[in-house]
Amino acid sequence: MGKKIMATGFSNSKKLPEAKESYDKKLHFQRWGLDNQFPYHIVDLYNGSAWHQGIIKTKTYYVAGGGIEVVTGQLDEFLKNPHSDYTIDEMMKKVAFDFELFDGFCVVGSWNREGTKVVRWEHFDVDRVRMNIDESSYFFSNDWSARKQTKEDTNFREIKPLDLENREGKFVIYYKSPSKQTKGDMGTYPKPSYIGGLTDINADVLISKYHYYEISNGFKVGTLINFANGVPESKEEERAITEQVKGTSTSIEDVNEVVITFSDGNENAPTVLSLNGNDLADRYNLTEKSIQQNILVSHSATNPMLFGIKTEGQLGGATELLESFEIFKSIYVNGRQDSLMWVLDKMIELSGEVGTVQFVQAMPMEIKTEQPEQMTEEFRSADDDLKIFRKYGKEKSEFDIVKSNHVSNDFGSEQVKQFESDNFKHFFDEASDIQKGLTELDKSVLSLLKKGEDGSSISKAIEVPMKDIAESMDKLTKLNLISKGETSKLGELVLDGLEVEIDQFEVRYSYEVKPGLGAEVIPTTREFCETLIDINRMYLRSEIDTITGAIGRDVWRYRGGWYNNKKTGRTTPWCRHEWRQHLVIKK
């Protein structure tokens with residue numbers, strides 16, 4: 001054999017898929033990625049990176065995991081979504097997952113035969129949806145990797161977007177977050193919110209594979225073995241020796257772990273040489289930490305502990321966790337929920353329902369596992385707090401309540417301020433008409449409504465055309481003197497001869513048990529809640545803000561302490577009670 005060296009083995013470099021688009025001339029849609037398989041790459045990264053997957057799941061939980069609750073209206077039938085396999089609550093959790101993974105989501109509605117309302121809502125996996133460039137048609141397939149796209153082979157079909165002029169069959173509502181276009185990108189499809197971290201997520205997948213195959217292969221990656229007893233006479237002999245050492249597998253995971261060479265030499269013993277040095281493990285560990293940090297940043301993770309990740313030197317604790325959670329909610333969760341609320345409001349409207357819903361805020365996992373009573377001690381000293389509450393507010397008996405609303409668990413001072421403004425602005429604008437006085441007809445209508453008469457009987461009783469009665473009732477309704485065809489509390493006050501001036505109205509807040517949770521006080525009710533209810537006061541918003549500053553915690557949000565609902569298993573930083581907002585008139 002001649003004096004020569006032969007080497008086996010090869011290297012592999014995989015280019016990351018891109019989200020560039022191209023046009024499918026046959027089926028007339030935009031491909032998502034040049035090969036129309038970019039969503040599959042996103043799913044592969046989700047399945048391959050434990051860090052990335054854990055963060056996506058936790059973000060989905062924070063956005064929609066607490067479920068949906070009704071704020072106003074009768075929406076039980078809507079939430080049941082009886083003609084679908086999933087309730088609206090279950091459906092929105094799936095929608096939220098797509099939103100976190102792809103930054104877009106898709107729901108499909110079905111009109112009733114009359115075209116008057118939507119009777120079924122469905123979630124469609126956004127990665128199964130393609131569209132044309134002007135989004136005038138949406139295409140669905142169970143397998144976009146298949147060359148042949150037909151109804152029989154891949155359940156391929158086309159569904160049009162929502163068109164209120166054409167209320168037949170199914171329609172699509174597709175949402176994608178706004179994003180900047182890049183070269184070759186027409187902006188047709190959404191981009192993941194964590195797109196800046198795709199390279200690091202992919203690297204995390206590869207590092208995980210490295211650790212696995214490093215162990216399973218039996219040799220360290222980057223090892224060279226030289227057989228110095230001569231070069232094999234034939235390729236078959238070379239292959240046989242190589243397979244004895246490396247095995248017969250040719251999968252990508254098995255290449256490059258060992259490079260084998262053959263040479264003539266004076267020594268017959270094989271030479272084993274590490275190509276990467278002795279610090280390979282340390283280099284991988286440092287790279288791994290950097291990658292994990294970049295993944296967290298790409299996900300807007302303000303505190304790794306919110307995602308169950310402990311970091312070196314971080315003490316944690318409920319106070320730090322709650323502060324971090326409030327920041328994460330303000331910079332991320334609230335915005336995501338607003339986008340989901342957009343489609344929920346549209347669904348309620350198209351279903352022919354009237355009302356509003358909101359997401360119940362899910363709390364950090366670590367807080368849920370701690371004892372509520374222990375958590376409570378971090379936030380309150382009941383005796384000291386109650387002394388401050390007693391300094392403010394006025395007795396409920398000093399006011400007559402005109403209308404009431406419950407205040408969301410998640411509202412702080414600024415949200416309450418906006419809520420107050422939105423609810424009562426129009427009332428105060430129109431209530432000025434009361435100062436101008438009511439006509440005799442208005443007073444007669446109001447009086448007869450109080451006695452249980454309806455519009456038709458009032459028209460006959462006072463011999464006034466029904467048209468005039470209807471106009472009077474419309475005026476009284478706008479003034480909030482009647483509600484749902486009956487005399488309101490304010491209307492009764494007017495009938496009793498009370499002079500109603502605008503400055504007699506106020507917006508005040510009381511502390512009460514939430515509707516549907518039974519008695520105001522139960523055996524496990526905390527002293528704070530029991531005493532505050534017993535005080536029986538109504539507070540101005542400014543007074544509660546002052547109390548917040550005095551006791552050092554946001555009483556709008558945290559109130560009496562932590563509560564564990566045994567029916568749902570949910571632990572929240574608020575108890576069975578809530579702040580109720582009232583429009584009141586001074587007696």
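1. In this predicted model, Y138 stands opposite I159, a residue of β9. The strands concerned are β8, residues 138-140, and β9, which pair in the antiparallel sense over three bridges.

2. This pairing belongs to an open sheet of three strands, ordered β7-β8-β9, with antiparallel pairing. Its edges are formed by β7 (129-131) and β9 (157-159), each of which pairs on one side only. On average, neighbouring strands of the sheet are turned by 35 degrees against each other, direction ignored.

3. The largest nonpolar core comprises 74 residues, and those with the most contacts inside it are I88, W121, F140, Y174 and L340. Helix α9, spanning residues 318-350, gives the most to this core, namely 13 residues.

4. Which residues does L340 contact, leaving aside its neighbours within four places in sequence? They are V63, M92, V95, A96, F99, F105 and F359.

5. Is Q74 buried or exposed? Its relative accessible area is 69%, and Q74 is therefore exposed, the cut-off being over 50%. Q74 is found in the loop between β4 (68-73) and α3 (76-80).

6. Leaving aside neighbours within four places in sequence, Q74 is in contact with E353 and V354. Q74 and T356 lie 282 residues apart in sequence, while their C-alpha atoms are 9.1 Å apart in space.

Methods. Residues numbered from 1 in each chain as written. Predicted model: local features only at pLDDT ≥ 70, side-chain atom pairs only at ≥ 80, totals over all residues. Heavy atoms only, no water. Pairing = 2+ DSSP bridges. Helix = DSSP H or I, 4+ residues; strand = E, 2+ residues; numbered from the N terminus. Axes fitted to C-alpha atoms, helices over the stretch in contact; angles between N-to-C directions. Core = buried A, V, L, I, M, F, W, Y, C linked by side-chain atoms within 4.5 Å. Buried < 20%, exposed > 50% of the residue type's maximum accessible area, 1.4 Å probe, protein only. Contact = heavy atoms within 4.5 Å.
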